[in-house]
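This briefing concerns one structure and is arranged by topic. Please consult the sequence and the model alongside the points that follow.

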Amino acid sequence: MLNNMTDGEEGEGGPNSQGDGNPKESSPFINSSADKSQQHDGNAMALFEEEMDTSPMVSSLLSSLVNYSNLPTGSREHEEAENSEEAPRPSKKPVKAPQLGTLMGVYLPCIQNIFGVILFLRMTWMVGTGGVLGSFIIVFMCCSTTMLTAISMSAIATNGVVPAGGSYYMISRSLGPEFGGAVGICFYLGTTFAGAMYILGCIEILLIYIVPQMAIFKIEGLEGPEAELALLNNMRVYGTIVLSFMSLVVFVGVKYVNKLALVFLACVILSIVAVYAGVIKTAIDPPVFPVCLLGNRTLLSKGYDVCAKFVEVDNETVATKLWRTFCDSESLNATCDEYFTGNNVTEIQGIPGVTSGILAENLFGNYLEKGMFLEKRGVASDVNTDGAPANSNRYVLADISSFFTLLVGIYFPSVTGIMAGSNRSGDLRDAQKSIPIGTIAAITTTSIVYMSTVVLFGACIEGVVLRDKFGEGVSGNLVIGTLAWPSPWVIVFGSFFSTCGAGLQSLTGAPRLLQAISRDGIIPFLRVFGHGKANGEPTWALLLTACICEIGIIIASLDAVAPILSMFFLMCYMFVNLACALQTLLRTPNWRPRFKFYHWALSFLGMSLCLSLMFICSWHYAIIAMGIATCIYKYIEFCGAEKEWGDGIRGISLSAARFALMRLEEGPPHTKNWRPQILVLVSVDAEQNVKQPRLLSLANQLKAGKGLTIVGTSVQGTFLDNYAEAQRADQCLRKLMETEKVKGFSQVVISSNLRDGTSHLIQVGGLGGLKHNTVLVSWPRNWKQPEYQQQFRNFIEVVRETTVASLALLVPKNISSYPSNGERFTEGHIDVWWIVHDGGMLMLLPFLLRQHKVWRKCKMRIFTVAQMDDNSIQMKKDLITFLYHLRIDAAVEVVEMHDGDISAYTYEKTLIMEQRSQILKQMHLTKNEKEREIQSITDSSRGSIRRKNRSASRSRLSVDEGASVAEQPEDESVAVSNPKQVRLIHSKNAFTPTSPTSPTGPTSPTSPTSPMSPTGGAATWADGKSPAEKGTNPEAANPEASKDLFNMKPEWEHLSPVDVRRMHTAMRLNEIIVKKSKEAKLVLLNMPGPPKNRMGSENYMEFLEVLTEGLNRVLLVRGGGREVITIYS
């Protein structure tokens, strides 16, 4: 089906290499390796001298375009001259430019490929079985499909240079590597099976019509399935022999195959002319081809010598061979077949002629089941329905069950071959002019021939002869040959040589198509087939083609192989139409075909016809072919074909993305559609490597919602100076995302400081309605150390900004201990501590995590805290009901937390926090001095607390990620208040000055920050600090000045009651959480709101540290101010 298919490559790494690491097409334009000496060095263009290094001058560009040639993608002779590895000669012979015009380069090759074996072997049978009307409809549908495909192909072929690969190149460059590879393989398989079909047709002509004596498995004397099996075995044996011979010819001398193409074409044209000459002759002098009927049944011509039961010889009645066939003796009184006795023998003319009026009889179809008799319409017969038919092997029988869709599948290969011209594009003088004109003219010519032959066959040949597939009723002649003039042998030998030639062309073209696909590098396991002999001949591809072709030979039935290759060609044509339609509708700027007579509606009509014909031919073959194409598509997609061909699928993706983004702008998503669109904020080191890679692992585990993921970081500096550094950071992010299997986008911003860069990411991340609604940021490591002071301040600013922007915030603490994507938890719990309602984030996140294989085996537990006035039993019932409606499976527990008294340890912890804050704010010391000062405060607080807690004798280790050695003793000394400790101040009002347990309360009634004051209840993190507190001397905590428990009351007087109360809450909550969830694999916890001003940042961090200490993995969650989960469907 393909002529002179060339690979279009100069070998791996060559100038025109389409694969092997070069994702873009070779081009003579910008950034090409043009000779710099051609550029002008004068001062006339001094204004543009900076651009001359990368952009060529117009004169250089035009010179490159003139010298730009696609000759290496041309004919085999050109390629042999280019790639010959013979010894270098003193003067190399220049390669001639392609000189083929429209007639020799496109029209005649298409004619040769379209006219094939089906026309000679199955056309008459199709007309007899489907009727003139049904056959005309089939021909019209198939020809319309190819014509519409040719129009689309002409538009694509004239939209630029089309190298070798023909349809594969056009589809792959229009629809992308995935579609291109899938359709290219389908086209290759279609071309290969076409070779098998031509070989089977060649063998059928040889064994049935030319030399039946060559049959290895004798058919004589066999009937029914045995005769059919013998015929198929003969086809297999001789088909394998012919395939081996043809493959050897293609391997040794492909140039002779191309030169013999004209001889084969002459055979085809001569045969068709002979048919038309025979039709004209039937109007004048119809040929004598008698057909013998018994009743209305057609008799085998080899079963009789005279079409009569008996004849008169010398006035004596003598039984004929026919009599002896149906009777047990030659006697006229012999016992004969009942049907033979009850019906007369008549002889009719097989070809009554075009003026006989037989057209009316052949107008409608006559579909037969396998084994049925070929009967003439309008002739009466006496049939005894009670008796079983005897001697059925004496009649002409239907060899297969026929129906309309079968005829479509068998006929369609006769209209393929329309891409022979585009496959020769490298040999054409003006491909953009020749391909449309030659292809459309060839399809028009062949369509006229096919439609006219349908009518002429029905008007000239008797119906029973038309339905006689192998000419068994006309002395074993080829049915179309009986019509030919001057002799049936013209058609027999013409069709034999044309099928041989077409088979050779298929075996020549298919390996080169496979080689072009292999050299593109989009299907990794096919790369071996891109190699060949020294002159570029695809040796390995030819071997694979021969093996696949042998599969068709083993099938051995022309009628079974034809629908298979119909599927693959129809799929190829369908995607050609799709490519043209997409390019037209998308209005790509580069879509400027010279061929103007196309329209997207015609392309869609052609695509619809192709798809319909696929399922009309054979729905199960269609599904298999589409399954093969889908598997190849997904394989190429999985392997990640790094190709950018400016394909239409990318264009339609851009259009669809724009449309979807515009739709998303119409309003916020409904709660049912809410999913976490995560912005992951990471930091990079000096080498641009990500410091917290486990953040991306967590993001991947949260992506069961299939939402958006943006991984962002900021680089400090200016855009002009640090752009290269930002590009490296972006590459590192992409590489890490690929490693962690995070599907999303990376974004790097350059800013004068990291704080502003992070703010820019939060503000401008995403596009339109596809923006992040959740921010994932790691807990700042070592935040207590002075050198990391700016880091935790940046963190608090992120918390503030997400609150203002109504974004959800996820803060994993101790991120290095979180599991990687390769780990698996076989058991354990995910504990949710639901303290305040945050829109359902705490419920949704564990559900999403448990969709991932890391957390799948973990069970979910939900804890909520009941106050003194709450009914804990009713709360538990309500929570169970709520989870049932949410369709979330989790255990529920309500923890009662009474308003206990504030312990001395809480005051001491608050005092230490205040002193650290004051030191960091007011002392302008060097780094080493700050560390020593903080260490002294730590020592003093440890000594004081040890004295106070000597009676309790309890201590708890704290897990603090990244804590320094100097900081660890302080954390170890932090203990949770024992509720059984001596109560200093009772609750509810822990700060009432007249508390009966404390003679002197911690605050003065006249204090402006007292809870009794108007502003006391709404105090923020930094509110409530007395003026005296702001001047607190750090030496107040010196061990030498330490006092006993009650003598330290003056130091507590200046503490903020709000801070004390919050520290108390944090410690009590931490005590309960550690008690219940210490062994949990993950604890999710409501994150308190940030301080409203800039004064309480250190205190805020300390409260969160106290709240989460003692826990291995904590995920602090802050909702975005909207519901994210609903009970409704």
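Which residues of strand S6 (residues 678–681) point one way, and which the other way? Ile678 and Val680 point one way and Leu679 and Leu681 the other, and all are buried (under 20% relative accessible area, 1.4 Å probe, protein chains only). The model is predicted: local features need pLDDT of at least 70 and side-chain atom pairs pLDDT 80 or more, while totals for chains, interfaces and linings use all residues. Residues are numbered from 1 along each chain as its sequence is written, and side-chain values use heavy atoms, without hydrogens and water.

**Strand pairing**
- S6 pairs in the parallel sense with strand S7 (residues 709–716) over four bridges, pairing being defined by at least two DSSP bridges.
- S6 also pairs in the parallel sense with strand S9 (residues 774–777), over four bridges.
- Valine 680 stands opposite valine 711 in S7 and opposite leucine 776 in S9.

- Beyond its neighbours within four places in sequence, valine 139 is in contact (heavy atoms within 4.5 Å) with Met123, Met126, Tyr411, Tyr450, Met451 and Val454.

**Helix H7**
- Valine 237 belongs to helix H7 (residues 225–252).
- Valine 237 counts as partly exposed because its relative accessibility is 30% (the class between buried and exposed, the latter being over 50%).

Notes
Helix = DSSP H or I, 4+ residues; strand = E, 2+ residues; numbered from the N terminus.
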